[in-house]
Amino acid sequence: MKLGFILGEVGTGLRRNLSMVVSVVLVTFISLTFVGTAALMQMQITQMKGYWYDKVQVAIYLCGEHNESSNCTEGAVTEGQRGEIESMLGSSAVKPYVDNFEYESKEQALAHFQEQFENSSMSETVTAEQLPESFRVSLVDPEKYQIIKELFSSTDGVDVVVDQRELLEKIFSIINIASFVAIGIAGVMILCAVLLVGTTIRLSAYLRRRETGIMRLVGASKSSLQLPFVLEGIIAALVGALLASGVLWAAVRFLVDEKLAIEYKDTAFISTGEVLIVAPWLILLGVVLAGVSSLVTLRRYLKV
Amino acid sequence: MIRFENVTMVYDQKSRLGSENARPGLDDVTIEIDRGDFAFLVGASGSGKSTFLRLILREIVATGGSVHVAGQNVARIPSWRVPKLRRGIGVVFQDFRLLPQKNVFENVAFAMQVVGESRSAIRDHVPQVLKLVGLEGKEKRQPDELSGGEQQRVAIARAIANKPQILLADEPTGNLDPATSVGIMNVLDRINQNGTTVLMATHDDGIVNSMRRRVVELSLGKIMRDEVAGEYTSMIPVINQDGTRELRQANHGTWQKPPAGSQAFAPFDTEDDMP
Ligand SMILES: Nc1ncnc2c1ncn2[C@@H]1O[C@H](COP(=O)(O)OP(=O)(O)OP(=O)(O)O)[C@@H](O)[C@H]1O
Ligand SMILES: [Mg+2]
């Protein structure tokens, strides 16, 4: 059987069954968009982890003038207390856990703050006095944060020990929940897509029963009988997958690249490159689902 | 070419209606049709003619006995080889079954495209076939621009486009007037003279009587008679199911053509009273 002939049959099928084909396109489009969104969110988490886990430190904030914490009852941290903390960080008990540490004064804190919130009006109203001084500690193993916390929490002159990772974990868990929701919706939509492809192929086989009846009589092989229908489902799913990829690309381009990435300069964001990694898998998923679902349908409704 | 050995076809075998309800579509039929034969299959409605033809095509599989086509037991052919069997058999129906949106040429070409013939082979062969069935110059017509007889010629052309050894026709003249039917029969006769085995189920007594070819009569799924040059009905005692006998009157058509060989053979003698 010649390719041109098969493609002609596919064209006839698509034209005659247009409204069903359009609905297959839309349902695959939406379901694959959700799948892609979930995948991109997971990639965003990975991206942020890689970027932040190196940079994130444990911050040991020292007492300022007006801290309420129980360690700070005597007012701001004294020179002696600061030296004590610094030598503790260098002691043999702590040293194995610490990669390096660094003192950050109020003035340095202000400089960092202003850098980070460059575009926001906040950076102009904040003064160095409002920001705490701190020790920034990088850990050899970030998971061992608890040890540092225990050691320093009750030390005089320490206001609070903060693991910056905790903040990130909160963000990650929100993204995670969002991506699970997306996966859930995607699952339901994919089920719809599979059932709809089946129904569409069935309707298409019904609409073309005259042709297939004749094809069967003149000795068309099983594959040449079924191929036009399978291709029909696959083409519809392919269009849906391409649409989904396009929409994801546009979303990342205009919402992430041109908005989020500019507003939050020192956060790593996924970019359109990640969409290009996800898109082929979406297309493959769409094609495989449509192919399998139409073959299964045809086994029942289009016998040789 | 085609051999039936004790073939029984019981539809709805699985239904639990009970065996007294399930009358077989064919009942213990044994017959052989040789290469190059031209045979009529006659009998009342529901006597099993279409069932007989569908068994040859392996659209259905016999529930008992075996059907052999071109030396193969069709029940034993694996399903992926069935298309190959069907490429050797052309089929024509009462309702033509043309594709309405394709023109005459495309309808015939369709059969060749389906089996993967090259474009040049199709371009060469289709006009020849159309010429054989008498449709020269009508390649570009749509089916709805043709008379019934012409549509049936297109259907015949399509059936023989892949040069099958067997041509099955299920009441091909059923929708046509007598004169048009004669034309169709001439086409089938010509195809048969080219060596194709033709098996035709029909109710058209005029045609059967005038052609004087082999006649196989079915009744309630059984073969009632098998004559080499028979008529639609014969002056023979018919034994009814309840055991009574009656004499059936031969009913002759108006079409006149000298019988090719009107010698009658077993199982029954017929009275040759063609005018
Ligand atoms: N698909 C089917 N399922 C069940 N019974 C069937 C089926 N097809 C045919 N039959 C039965 O088998 C018997 C023979 O039918 P068949 O179609 O072979 O008759 P026929 O001789 O072709 O009749 P006609 O001259 O009206 O076309 C009939 O009793 C019919 O009811
Ligand atoms: Mg019939």
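The largest nonpolar core has 121 residues, and A:Val24, B:Leu41, B:Ile56, B:Val108, B:Ala157 and B:Leu168 have the most contacts inside it. A nonpolar core here is a set of buried Ala, Val, Leu, Ile, Met, Phe, Trp, Tyr and Cys residues joined through C-beta atoms within 7 Å; buried stands for 20 or more other C-beta atoms within 10 Å of a residue's own, exposed for 12 or fewer, and partly exposed for the range in between, with C-beta atoms placed from the backbone. Helix H2 (residues 18-55) of chain A gives the most to this core, with 14 residues. A second, separate core of 18 residues includes A:Leu62, A:Leu89, A:Leu139 and A:Phe152.

The model is predicted: local features need pLDDT of at least 70 and side-chain atom pairs count only at pLDDT 80 or more, while totals for chains, interfaces and linings use all residues. Residues are numbered from 1 along each chain as its sequence is written, with chains lettered from A and ligands numbered from 1 in the order in which they are written.

In chain A, the domain assignment (automatic or from a database) gives domain 1 (3-52 + 169-301) and domain 2 (55-164). Their C-alpha centres lie 50 Å apart. The unreviewed UniProt entry annotates residues 20-41, 174-197, 234-256 and 268-292 of chain A as "transmembrane region"; such annotations may be inferred rather than shown by experiment. Residues 20-41 of chain A are 100% helix, with end C-alpha atoms 32 Å apart. For residues 234-256 of chain A, also 100% helix, the end C-alpha atoms lie 31 Å apart. Helices (H or I, at least four residues) and strands (E, at least two) are DSSP runs numbered from the N terminus.

Between the chains, 15 residues of chain A are in contact with 17 residues of chain B, contact being C-beta atoms, placed from the backbone, within 7 Å. Helix H8 (209-217) and helix H9 (222-263) of chain A each supply at least two residues of the side that touches chain B, and H8(A) gives the most, five residues.

B:Val91, in strand S6 (residues 89-93) of chain B, is buried, because 25 other C-beta atoms lie within 10 Å. Leaving aside neighbours within four places in sequence, B:Val91 is in contact with A:Leu217, B:Leu57, B:Ala159 and B:Leu168.

Around ligand 1 are residues of chain B, including B:Tyr11, B:Asp12, B:Lys49, B:Ser50 and B:Thr51, each with its backbone-placed C-beta atom within 6 Å.

Definitions and conventions
Two residues are in contact if their C-beta atoms, placed from the backbone, lie within 7 Å.
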